[in-house]
Amino acid sequence: MKTTDENEMDLLLRALGRDASARSAGAPSPQSEQEIGAHLDADELNSYAEGVVSGAERARYNKHLADCDSCRRIVVGLVPAASVTRGYEAVERKTGWHWQDRLAALFAPSVLRYAVPALALTAIMAIAMVALRQRQHSEFLAQNQTTTLPAVSTGTEGQPSITNRIPQSSASPGQQQQPVAELKEKSPSPPRKSDVIQPPAGAPSKAASGDRAAKGFLQPGQSAGVEESQPTFAAEPSGAPAPPPPPRPASVDASKTAEARKQEDEADMQKRRRDDNYSQARAENEVARAGPAKGGPSRNNSQNVGGLSSVMSRSANKDAKAADSVGETRRVSGRLFHRQGNAWVDAEYASGRATVNVTRGSEQFRALIADEPALRSIAEQLSGEVIVVWKGTAYRIR
Amino acid sequence: MNNAGQVPVNRKAREIEKTIAAAAARLLARATDTYAVSTETLVPRITAALGKYLLRDNGQPSLGNVNDFVDKLQADDLCLIVACEQGNEKAWTDLVARFGSTVRSAARSVSANEEGADDLAQSIWAELHGLRIREDGKPASKLAYYSGRGSLAGWLRAVVAQLAVDQHRKQSRLVQTEDDADFDRLIQKDDQPWRGRSERLNPEIEVSDKRASADLRKALAASIGHLSDEDRLLVKLYYFDGLKLHEAGAILGVHEATASRRLTRIHADLRNHVEKSLKEEHGWTRPETERAFCDIALHLEADIEPMLVSETMVENESEMTG
């Protein structure tokens, strides 16, 4: 009801106003100064419009303006202009900020409260990203070095084999010695080195000693040569961190040698591939040489290792062929995998055995890894083709 | 320049004089360019402004009031105008350079065409230069009336608007007879907007309706006259001058929301007053009054809806947000 009343009154007043303005449009209403008092002068009008009048003045002017149409219209014309002037002043004050004010505002506690944690978070993320990238990079580095090794050994009989050790700094001396021996024996077609050295089949005693060494973590005194070679491993200038899969000497026991033996068949295949890689490896050798060559000690050490390897070679002579078959090896989810070409082959896989072919990303693959989460981790950690024996079935994951 | 001189010569007056002189010196110090205006020149000017504004409402101002008043004056503008009055060439050049566009735009806003605006602007500069000679033989420069209280630009706009009104008045006096005829015609047509769709009604009802609306209208006009000055000014600004609520509020120096609340109260006051006067003067009963309000409003709504719908919506929105 109240709203309606108000609306009615609003409409009535509007109509009245329209009439009044229509009437005064033709001529100013004949208002006498006696009726409405003296007109305001320009200074008063301006003071009123700019709002610089006192309360008493304002009341006086209001009285006149309420009744004097002409003065009121002048004020109406002046006020928008006056507010524009005030607006400009406000803008000027705002834009006229001194740079010190801006700086102060930037470091205001209210801003810092949010900015500092945000910056810290960003910094942490950046550091984490750099660290992760470095780790990835180091994985590649380790792989490259393993491929360069054979060529080096062919070029300078055993000497650069030191590069092979770079990723093995945490491996036991017994394990480290083994490849050197192999190199001596089979220099024309050297074995592919593994990041984690699998003890050769015929060296159970060595494996055992490696075991012990691993527990004591690089305890010197395993053999005369090892003592000297170790510091080099630790202080390897290449600075490459430990290889991706940490070596697990504990699991490298004598029983594994049986598995290694099974792979002798595959050794021939590997050899052929190595020959193919020979020329490529030679080229890489040039690059690899630049690293170790810059430090004199590493050269000396390589000679030591050479000496050591000759000692070892006598005892491991018999195992050479078996060791040769040991290619790049990785242990994933408790399974041992050997690198064969582009494929990682489960140590338990017997060559020629029928496989179930599974393509990565396929429905079958998804079903398989859903049932066997361990296979998922294997498939994720090993790139390329993977042959894995799982619960009596051999799967070829492509 | 009158009241201040009449202040009785006593200790208080001397104190005030000293205060004014000190304040004038401060004002000169505030100005970026004094145009070689001296304190001695400035003191009479400031005294005149004090007499016109401060002493008029407050016969016994404190020294603090005086200082406050003078410190709020526009130092740069006042120096420029005083220097112009003294005939300082540089000051005149600056005045024309800085405020030529202000005068021109003000003249354009109150003139019907470009030619009229040019004429008006010319007249303003002539007035400012004091080319006209007053009756007592002295040049009648309007510059003498600038107190420095508001901005010089605003003052110039006010001068232009006043001159335009004066000129309009003179012209309208010349064509008074014609205007009177128009005025009469308008009065004849007065009932038109109030009747609305009444042409559909039968003649008897139309006549009574017409009388009712005329009575109501008279009562409303009278009621507006009974409002307080400020309320009346608000009604005039909002309904007669067609200002927006925030503009009317700006003139009255209040916020839009305050103006809106005030307007609501005014509506109620007016209604009460109209009902009362209709009852007393025409013997209307309350239901009759309500019916008349309702009918007329209904007709008005139908009539003005097409042209006011958008405006009303905008204003209602602003009132609601305000």
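1. A term to start with: two residues are in contact if their C-beta atoms, placed from the backbone, lie within 7 Å. With that in hand, and bearing in mind that this is a predicted model, we can look at how the chains meet: 55 residues of chain A are in contact with 58 residues of chain B. On the chain A side, α1 (2-26), α3 (42-49), α4 (55-67) and α5 (69-95) each supply at least two of the residues that touch chain B. The most comes from α1(A), with 20 residues. Sorted by class, this side of chain A has 26 nonpolar, 13 polar and 16 charged residues.

2. Is N46(A) buried or exposed? N46(A) has 30 other C-beta atoms within 10 Å, and 20 or more are enough to call a residue buried, so N46(A) is buried. Leaving out residues up to four places away in sequence, N46(A) touches L78(A) in its own chain, and G150(B), G154(B), W155(B) and A158(B) in chain B.

3. Next, the nonpolar cores. The largest has 100 residues, and those touching the most other members are L45(A), V75(A), V160(B) and L234(B). Helix α8 (residues 152-174) of chain B provides the largest share of this core, 10 residues. To see one member's surroundings, take V75(A): beyond four places in sequence, V75(A) touches L45(A), Y48(A), A49(A) and L65(A), along with I251(B). There is also a second, separate core of 15 residues, including V345(A), A379(A), L382(A) and I397(A).

4. Turning to chain B as a whole, you will find 15 helices and zero strands. Of the 322 residues in chain B, 34% are buried. Among contacts in chain B between residues at least 6 apart in sequence, 62% join residues at least 24 apart.

5. At 1.5 Å a residue, its 16 residues should span 22 Å, and the end C-alpha atoms are 23 Å apart, which agrees. Which residues of α7(B) are buried? They are A117(B), L120(B), A121(B), I124(B) and L128(B). These cover an arc of only 100 degrees around the axis, so they lie on the same side of α7(B). An α-helix has 3.6 residues a turn, so residues three or four places apart point the same way. The cover over the buried residues of α7(B) includes α6 (89-110) and α8 of chain B. On the face turned away from the buried side sit the exposed residues E115(B), Q122(B) and A126(B). After α7(B) comes G130(B), whose phi is positive, near 75 degrees.

6. Finally, a word on confidence. Chain B has a mean pLDDT of 80, with 77% of its residues at 70 or more. Within chain B, confidence is highest in helix α12 (residues 229-240), at 92, and lowest in helix α10 (residues 192-195), at a mean of 47. Please read two stretches of chain B with care: pLDDT stays under 50 over residues 187-200, for which the model has 24 contacts beyond four places in sequence, and also over residues 308-312, for which the model has zero such contacts. For the complex, the predictor gives an ipTM of 0.78 and a pTM of 0.50.

Definitions and conventions
Residues are numbered from 1 along each chain as its sequence is written. Chains are lettered from A and ligands numbered from 1 in the order in which they are written. This is a predicted model: local features need pLDDT of at least 70, side-chain atom pairs count only at pLDDT 80 or more; totals for chains, interfaces and linings use all residues. Helices (H or I, at least four residues) and strands (E, at least two) are DSSP runs, numbered from the N terminus. A residue is buried if 20 or more other C-beta atoms lie within 10 Å of its own, exposed if 12 or fewer, and partly exposed in between; C-beta atoms are placed from the backbone. Ala, Val, Leu, Ile, Met, Phe, Trp, Tyr, Cys and Pro count as nonpolar, Asp, Glu, Lys and Arg as charged, and the others, Gly among them, as polar. A nonpolar core is a set of buried Ala, Val, Leu, Ile, Met, Phe, Trp, Tyr and Cys residues joined through C-beta atoms within 7 Å. The expected span of a helix is 1.5 Å times one less than its number of residues. The arc is that of the directions from the helix axis to the C-beta atoms. pLDDT is the predictor's confidence in each residue, from 0 to 100.
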